[in-house]
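Have the coordinates open as you read.

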Amino acid sequence: MRTGIAHRHKALFMTIGAVALVLIGAGAGAVILLSGAYSTAATKQHFGITYRILEQGLRFSVARYADKIVVPDLDRVANVKVGYACYRQYCQQCHGAPGVARDPLGRGQLPSPSSLSESARDWPEAHLFYVTAKGVRMSGMPAWEFRISTDGLWSTVAYLKAMPFLTKEEHRKLDTSATAESCPAPTTAPSYSRETTQVMFRQYACDNCHIIGGMVGPKTHIGPSLEKWRERRYIAGVLPNTHDNLVRWIVAPQEISAHTMMPDLDVIEPHAQHMARYLMTMDE
Amino acid sequence: MESSHSASVLHPASDSGAALIDQLGTALYVGGAIIFVVVMALAIYGVFAKARAINARGWILGGGLAFPIVTLTVLLMYSLAVGNGLNAIGSSNALQLFLECFGIGDARERTPADGLLRVHVVGKQWWWEVRYEQPGRQEVILANEIRMPTDRAVELVLSTTDVIHSFWAPSLAGKVDMIPGRTTRLRLQTSEEGTFRALCAEYCGGQHALMALYVVTQETTDFDAWLASQARPANEPTDPFLKTGYDAFFRGECHECHTIRGTPAEGTSGPDLTHVGSRKSLAAGTLNNHIGTMAGWIAGAQDVKPGNKMPSSLAYSGVELRALSAWLGSLE
Amino acid sequence: MAGRMFRFIGLLLTSSWLVACIPGRDYEPRIIGGDPDQGREALARYECGVCHVIPGVPDAIGKTGPALDNYSRRSYVAGKFPNEPEVLVRWIADAPAMAPQTAMPAIAMSDKEARDMAAYLYESD
């Protein structure tokens, strides 16, 4: 009998203790958050342990998700010159190249963009492809799959794999021979779904100026809210709000309205089709 | 809408049917109040008076028989006369109206040939077609607005093409239903110049509450000038901006439903727009009439009055919408 | 709403010195010589609500133009011009003069009325 009661009391104390610990933890977290003590400055490095955890976490996560990627025959689909063109246009500013310094943009970030001659040696192709296509959350690394075609991405990977073994001279030659090359943009979109379209909205930074129904994002008042968009009669007060007009507008707002502050974001037409469909159907 | 427009049975326009109803109402309320007070006084007297002091036979014959017979007869004649006065076009004195009820006196129906102004009002979900009979000439068709002179009565011939509606201008006359398959009549008259709101007084579907019109009364010369201008076809636009609007009207689907006399627009399922710019309201008393509401109505008819037959147009660019609204507004 | 709650909690804790003070907005447009109450009345009288959703104005449920809530927080007037008081007043009075492609017509009104309306839009969030 007595042991039973003691047992029950023990369970009770442990529960209370656990709840108290959680509450104290949450309270401490709240104080750190609300007091502003946590510095968001890029000049303030993480603790050593945090740094190691983030670094290793990235490798584990990439390994897991990149597992599903089937590496094509790079000799067939990839072109190192094209890959270099992409690298030169989109990567070099932050990552630099053999003998080429990164731009100031790539120097002041935390986490600092890797110099890829090391990663490219160590990482398998699928991992490089995954990170290039999908980007890295909470770092400055964007997802490039909305800017670069799949073949272009594989070409970039091919270039990355080649890069660590290029002499400065060879690299200069590549640079010269690739002068006329340009990085291929995607021409098709994945089949429509709300989720992929939401990724598109983020990838074109739409949600930085617009509140978009069904999406988590900043509460912004730069452009009009796009909630309940299909009820709206006019696009930017200029075009009747039909699907086709909306596609036209998303692709080239500056051509349609002389005064609009909405920039041309180089949205490709298949992506604009999905965005328009999303906006016209999301409240159904 | 502007609230200064009278639409109250308690504020009838002078010399109107509503004024007759108001008098009848006043007579009934005041008379009823007097009778009530007298009956109560008699009841108290009956309780406290000595039985012998009361002349029972006298009270029964006088108060129970003679008084009701006389009072009710007078009231009946009065109310019959008022009732007749509300509907008949002709005399306006009570006795003559009463006699007319029994076919005595000059009960011959006046016709537009005798100078009677006859206006056909057709109730539709949810607006009013208004047609002025013009002896020997083509009718003048407009919508959602009735104008009348202050010196004579107008006979409204009421009908409907869909469900039951009811025409009610509270400050001018009583309600008269518009019944499918029948025509009903209503006499409108007032010597007062003004704008009076009328509305549909019989639930007729989702936008029943937004089915109203304005009755504008004006001096005869103004009225005649107005009617003559309404009879004229619309002017072709000369201004290039208005011409853009004109072209937009025909490029879109507007002309399928609307008529604008003097142009190729000959649709009949929507209101005649020949002089839409001269009207007080848009969408049957729903909106004030200016370029902003016109544009909003064209682009968002289904937002303003959901379920009405006019679609929200997706045919026009911003400039076209403004030009179209400006052109329609210029049709005065 | 959540933001307001955070700020409220923040305010509570600020008083106990545990919490950093978040300043309010650095720029808040205000109309000089405009009366918000009369502006609200004018917005209703001109039936701007046929095209716009305007909080606090009866029957303002239109969808032809954009909603006019949170106007003082907007970066741009009509997505076209910097949201500054005089710009908004001019836009309300005569939008086509500023952007000829716009669907918003110029409605005949006094400068005072346009000023009042702008004042209401800035005050009403």
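## Ground rules and overall size

The radius of gyration used here is taken over C-alpha atoms, and the globule rule is 2.2 Å times the number of residues to the power 0.38. A compact globule of 332 residues would come out near 20 Å by that rule, but chain B has 26 Å. Along its principal axes, the C-alpha trace of chain B spans about 95 × 40 × 35 Å.

Keep in mind that this is a predicted model: local features need pLDDT of at least 70, side-chain atom pairs count only at pLDDT 80 or more, and totals for chains, interfaces and linings use all residues. Residues are numbered from 1 along each chain as its sequence is written, while chains are lettered from A and ligands numbered from 1 in the order in which they are written.

## Chain B inside

Chain B has seven helices and 12 strands (DSSP runs numbered from the N terminus: H or I of at least four residues for helices, E of at least two for strands). Of its 332 residues, 39% are buried; buried means 20 or more other C-beta atoms within 10 Å of a residue's own, exposed means 12 or fewer, and partly exposed is in between, with C-beta atoms placed from the backbone.

Contacts are pairs whose C-beta atoms, placed from the backbone, lie within 7 Å. In chain B, 61% of the contacts between residues at least 6 apart in sequence join residues at least 24 apart.

## The cores

A nonpolar core is a set of buried Ala, Val, Leu, Ile, Met, Phe, Trp, Tyr and Cys residues joined through C-beta atoms within 7 Å. The largest one has 126 residues, and A:Ile250, B:Phe167, B:Leu324 and C:Ala118 are among those with the most contacts inside it. Helix H5 (residues 111-123) of chain C gives the largest share, seven residues. A second, separate core of 28 residues includes A:Cys86 and A:Trp144.

Leaving out residues up to four places away in sequence, B:Leu324 touches B:Gly245, B:Ala248, B:Phe249, B:Ile298 and B:Tyr316.

## A loop glycine in chain C

C:Gly49 sits in the loop between helix H2 (36-45) and strand S1 (76-77) of chain C. Is C:Gly49 buried or exposed? C:Gly49 is buried, because 23 other C-beta atoms lie within 10 Å. Beyond neighbours within four places in sequence, its contacts are C:Ile54, C:Val57, C:Asp59, C:Ala60, C:Ile61 and C:Gly62.

Definitions and conventions: Contact = placed C-beta atoms within 7 Å.
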